[in-house]
Amino acid sequence: MPSFKYRAYDEDRGQGLIRHIMIRNNQQDELMVVLVVGDIRFPSKKNFVRVLTTKHPEIKTIVLNVNNRKTSTVLGDREEVIYGPGWIKDSCLGLTFKISAQSFYQVNNTQTEIIYSKALELADLKGTELILDAYCGIGTIGLLASQNARKVVGVELNPKAVKDTKYNARLNDIKNAEFYQGDAGEFLALSEQQYDVLIMDPPRSGSDEKFLAAIEYSKPQKIVYISCNPKA
């Protein structure tokens with residue numbers, strides 16, 4: 001940043017270029033770099049990419065994410081891929097997953113497999129279950145569960161994550177899983193299906209009252225709840 005005269009963003013003054021730097025890696029130690037900037041105008045972009053990727057060849061893609069709002073939210077809605085495909089792939093328990101900049105994916109690769117293995121153990125699937133994967137992200141737990149279930153239905157609010165999820169289903173040749181974009185509470189409340197198993201991995205803030213009320217109404221036989229804040 002100093003050599004290219006890129007300044008860190010000052011939230012109080014609303015000045016500067018680089019607001020955040022997000023780095024994602026996979027089990028092969030390939031990296032995705034997401035530069036969250038306050039303006040799409042990024043001087044010396046090509047030279048910056050050349051220098052950075054020469055210094056760190058493990059970087060496979062670089063994405064500019066534009067967030068020009070006064071907010072504590074890290075990522076904005078607008079993106080530009082300035083190097084590579086705009087995503088990396090990772091493997092988890094035998095499946096392969098495409099990960100984009102705005103798609104949720106567990107941070108710790110080793111612990112991800114441990115968490116999901118435990119979740120599937122608790123679900124104790126017999127191959128006949130209809131599963132709802134709420135807050136499904138890029139479909140990791142739902143697609144893993146589909147291998148031992150009759151059918152999986154996933155719902156996720158982030159449209160870019162849903163796009164990745166459908167891609168991941170095709171990538172792994174999984175045909176007994178469907179994914180929808182929308183609010184999990186609204187989806188469950190309007191659903192006419194009776195789900196045998198509910199798998200939920202909500203945001204840090206937890207599930208809202210609408211979703212909890214829908215659970216009470218639909219009465220799934222089993223709930224597997226993954227949370228980084230179980231009190232929420």
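Before I go on, a word on what we're looking at. This is a predicted model, so to speak: local features need pLDDT of at least 70, side-chain atom pairs count only at pLDDT 80 or more, and totals for chains, interfaces and linings use all residues. Residues are numbered from 1 along each chain as its sequence is written, and side-chain values use heavy atoms, with hydrogens and water left out.

Okay, back to the cysteines. A disulfide is a covalent bond between the sulfur atoms of two cysteines. Here it's called as a pair of cysteine sulfur atoms within 2.5 Å, and by that rule the count is zero. Cysteine 136 is in no disulfide either, with the sulfur of cysteine 92 as its nearest, 15 Å off. Both residues are tucked away: cysteine 92 is buried at 1% relative accessibility, and cysteine 136 is buried at 4%. For the cut-offs, buried is under 20% relative accessible area, exposed is over 50%, and partly exposed is in between, using a 1.4 Å probe and protein chains only.

Now the inside. A nonpolar core here is a set of buried Ala, Val, Leu, Ile, Met, Phe, Trp, Tyr and Cys residues joined through side-chain atoms within 4.5 Å. The largest one has 33 residues, and Val34, Phe97, Leu125, Ile131, Leu143 and Ile199 touch the most other members. Elements that each supply at least two residues include S2, S5, S6, helix H2 (109-123) and strand S10 (197-200). Helix H3 gives the largest share, four residues. Helices (H or I, at least four residues) and strands (E, at least two) are DSSP runs, numbered from the N terminus. Another core lies apart from that one, with 16 residues, among them Leu31, Val49, Leu52 and Leu64.

Click on phenylalanine 97 for a moment. Leaving out residues up to four places away in sequence, its contacts include Cys92, Ile138, Leu143 and Leu171; contact means heavy atoms within 4.5 Å.

Ile138 turns up again with aspartate 164, which touches Lys98, Ile99, Ser100, Ser103 and Ile138, again not counting residues up to four places away. That aspartate lies in helix H4 (residues 159-171), and it's buried, with a relative accessible area of 2%.

Next, some loops. Aspartate 29 has a positive phi of about 60° although it is not a glycine. It sits in the loop between strand S1 (18-25) and strand S2 (31-37), and it's exposed at 51%. Leucine 93 also has a positive phi, near 50°, and isn't a glycine. You'll find leucine 93 between strand S5 (87-92) and strand S6 (95-100), partly exposed at 33%.

What about leucine 75: which loop is it in? The one between strand S3 (59-66) and strand S4 (78-83). Beyond four places in sequence, its contacts include Met22, Val34, Asn67 and Gln102.

Met1, Ile21 and Ile23 make a nonpolar surface patch of about 280 Å², and Ile21 lies in strand S1.

Definitions and conventions:
Patches are made of residues with over 30% relative accessible area and no salt bridge: like charges are joined within 9 Å, nonpolar side chains (Val, Leu, Ile, Met, Phe, Trp, Tyr) within 5 Å. Accessible areas come from the Shrake-Rupley method with a 1.4 Å probe; for residues, only the protein chains shown count as cover. A salt bridge is a side-chain nitrogen of Lys or Arg within 4 Å of a carboxyl oxygen of Asp or Glu.
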